[in-house]
Amino acid sequence: MILANKDVLGLEEMPAEEILGVLDIAAQFRAVFDRPVRSVPIMRGRTVVNFFHEPSTRTRISFELAEKRLSADIVNFSAATSSFKKGETLRDTAENLAAMKIDMLIVRHGSPGSARYLAKVLECSVINAGDGGHEHPTQGLLDIMTMRQRLGDLRGRKVTIIGDIAHSRVARSNIWGLTKLGAEVTLCGPPTMVPGALAKLGEKVRVEHDLRTAVADADVLNVLRIQLERGAGKGFPSNREYHRMYGITEDVVHGLKPEAFVMHPGPMNRDVEIASEVADGPRQVILDQVANGVAVRMALIYLLSGGDPRALGGSTA
Amino acid sequence: MILANKDVLGLEEMPAEEILGVLDIAAQFRAVFDRPVRSVPIMRGRTVVNFFHEPSTRTRISFELAEKRLSADIVNFSAATSSFKKGETLRDTAENLAAMKIDMLIVRHGSPGSARYLAKVLECSVINAGDGGHEHPTQGLLDIMTMRQRLGDLRGRKVTIIGDIAHSRVARSNIWGLTKLGAEVTLCGPPTMVPGALAKLGEKVRVEHDLRTAVADADVLNVLRIQLERGAGKGFPSNREYHRMYGITEDVVHGLKPEAFVMHPGPMNRDVEIASEVADGPRQVILDQVANGVAVRMALIYLLSGGDPRALGGSTA
Amino acid sequence: MILANKDVLGLEEMPAEEILGVLDIAAQFRAVFDRPVRSVPIMRGRTVVNFFHEPSTRTRISFELAEKRLSADIVNFSAATSSFKKGETLRDTAENLAAMKIDMLIVRHGSPGSARYLAKVLECSVINAGDGGHEHPTQGLLDIMTMRQRLGDLRGRKVTIIGDIAHSRVARSNIWGLTKLGAEVTLCGPPTMVPGALAKLGEKVRVEHDLRTAVADADVLNVLRIQLERGAGKGFPSNREYHRMYGITEDVVHGLKPEAFVMHPGPMNRDVEIASEVADGPRQVILDQVANGVAVRMALIYLLSGGDPRALGGSTA
């Protein structure tokens, strides 16, 4: 039993052993991605509802692909066509879904804590696909998986996260997961986006407003999207100014340690937080992140559905 | 052969024996909801198109779940992305769907009679998921199923429907179905929403504008949503005023017969037509209605697809 | 091996033998449409992404039905909910999809060349479902299939295409495909929509602005939709004026050769480019086109997935 809870709500509460257990299973799924037929029948006859209250492409599609590869029945449900427009409460919608006997709920929602709330109300498993500025645990797991593929054990490794840390659920999930696995995390960005108080998030967390200093000894740069659409980024005069001071350019990359690499959760604002040459260059691992995302989501759904980790070798090999 | 027609368009034309036959099958599906794998392969390789011209969450998801549990292939099609924007007529869209050889069409549309029109044009089965203010037969069936689960035979039972009866397809389907099964129906609401002429809908139908009188001897209260989004509700000065005069409050519930219960088709406007304490209290059966909705839709699709009622015991037990 | 390339981007580059090979397979799929279960398992466990950047009903549903009948897993992805809103480039979205290991991409997009671009970037097969004013090859193939069903060999046959040829991807795919198969194509419409220079598209292509002259010896009339929503049609004072001069009316049809027939790709603007009596009359084959569309798309997906044409007789008979 790798996961103790019925839900995956955040990495803050997930013990290091669970994180490592999930990543092991994910690696097994990842290993069979090139097979022509990639399906595993564990979810056959069971229903997953993808309940996305904020627009999303990659996360929703990544979850859908993971669900389909596990043979689940899928119902999609987006804010645009939902009863929320009719003024129904989140709780009433959730209880309705529960009464229809769904087996799993994937939820993205603008309110921090919404996933936890739904998990409490519902008997079925809930996976948080991003709840406001709180957490985005599957993104955190796929980021950590990508780092471990390159670096192995993360103890003592240095990860610098650059961007609007204060409003980023991706940053928060990274911070919780990485520090549990023993990595040291540096948070970098303008003071409006990276208040010094963020260093209190953990012993191994430090804040550094100067980009060159922040990345000098980093093993990994995790470059966040400037979330213009979530009302963040207002702490900066312009995209051009942000790029000049915090954009990851070829020049920044030249100053890194030789084996250091660059990550981005997507979608990228090219030439804002990351220069196009870096986004397309040899030091980035962005598409590995994407592939790992499907694998991590398969692993979580598999485990929450009662999949036996020992059986997996046989059923996917 | 439980259903004589290829379509389910309304309860006005469905004989009492058909209603009871459908509800028997639905009860069998309902009984197996707690099995981990709930699929029945009757629709394997056949295609159902969900054609929703009005936004819907619960009805669409309920149909989708029913279809998936019967192993149908599903194509969703909503007004937002349809050719209707391009000025195509309903008939042309329908004939196109027919030419593509779909096996069943579920339709929600703002125009009364649209489902019947499509049923006439198409060879395949059509189920009406709500056509303007005309009928919403699957809602009527699930409401009646929920009442029969508690009350058994409905002959002589008293059902009070409260709300904007004049504009409600839910009310109409309830009235036709309930009176056929021998229940007595009281319609209650302000005169603007419940004109006295509605009593002409049947011998067992009466109109009563005073809420306390209307519910005094009721076995069931079926509380309708105030459909602000359909331009109804204009017959009343404010939501607060409506709640004061027709809202089902704890106080109203205390005045009911001891075994009487409260239904609502959802989505609820809490503290408008129903007080939150009632919506969450021991006298409501709202989530039973939701679960029964999936079962009723499974039963209809099963029967219209040629499912053998006698075979069901074996295949779902 | 009927198709030499991994992608289907346009008929301009598809050799005549490939076109005929696809249509043979499509005819086999079409022949089994009336079977109750129409599924072929060739795509089981493989994922098709339908990536529609422009609203579409019939093309998207036709593709979805084709995919489902080949047992594919399907992910839908429309502009309305995509990251394009977040400023992501087409290339980044495409590379993301590729990293998720999808097996086939169906793309509709407003930019000519977008399908080719995606095909170049992606390892998986890409089918063009319409790229701006460039090509709509599956529509071209289904139109040609419909003509061949009635006329057999198209060599020397006369096809008149009427409408806004200059902006029509349907017209372009028809022109390329038809001329390769030896048909003679007449393009008809007002000079603003049918510039004389279009005659340079091929030896067997001519331009004729007078409708009666253009259709006098035609075997087929392919009547295009006036694409008001794509900014075309501005070359004409009004819909009424267009109808008067280029609308296909009963009167026009009476002047045709006895066996000539009328096609329309849909959705129709009744009583603009085609009179209602003609649209519903005995000379049109519009719903055959629709049915053939599913068959053509099945054939392409089947062949691109490595389906063996010789095996088909057995597996679908």
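Two strands count as paired if DSSP finds at least two bridges between them. Helices (H or I, at least four residues) and strands (E, at least two) are DSSP runs, numbered from the N terminus.

I noted that this is a predicted model, where local features need pLDDT of at least 70, side-chain atom pairs count only at pLDDT 80 or more, and totals for chains, interfaces and linings use all residues. Residues are numbered from 1 along each chain as its sequence is written, chains are lettered from A in the order in which they are written, and side-chain values use heavy atoms, without hydrogens and water.

**Sheet.** I looked up β1 (residues 47-52) of chain A and found that six bridges join this strand to β2(A) in the parallel sense. One bridge links A:T47 with A:D73 of β2(A). Both strands belong to an open, parallel sheet of four strands in chain A, ordered β2-β1-β3-β4.

**Residue A:Y242.** I then went to helix α8 (residues 239-246) of chain A, which holds A:Y242. Is A:Y242 buried or exposed? I recorded A:Y242 as buried because its relative accessibility is 2%; buried means under 20% relative accessible area, exposed over 50%, partly exposed in between (1.4 Å probe, protein chains only). Leaving out residues up to four places away in sequence, I listed its contacts, among them A:I162, A:P190, A:F236 and A:E273. Contact means heavy atoms within 4.5 Å. From A:Y242 to A:Q28, 214 residues apart along the chain, the C-alpha separation is 40 Å.
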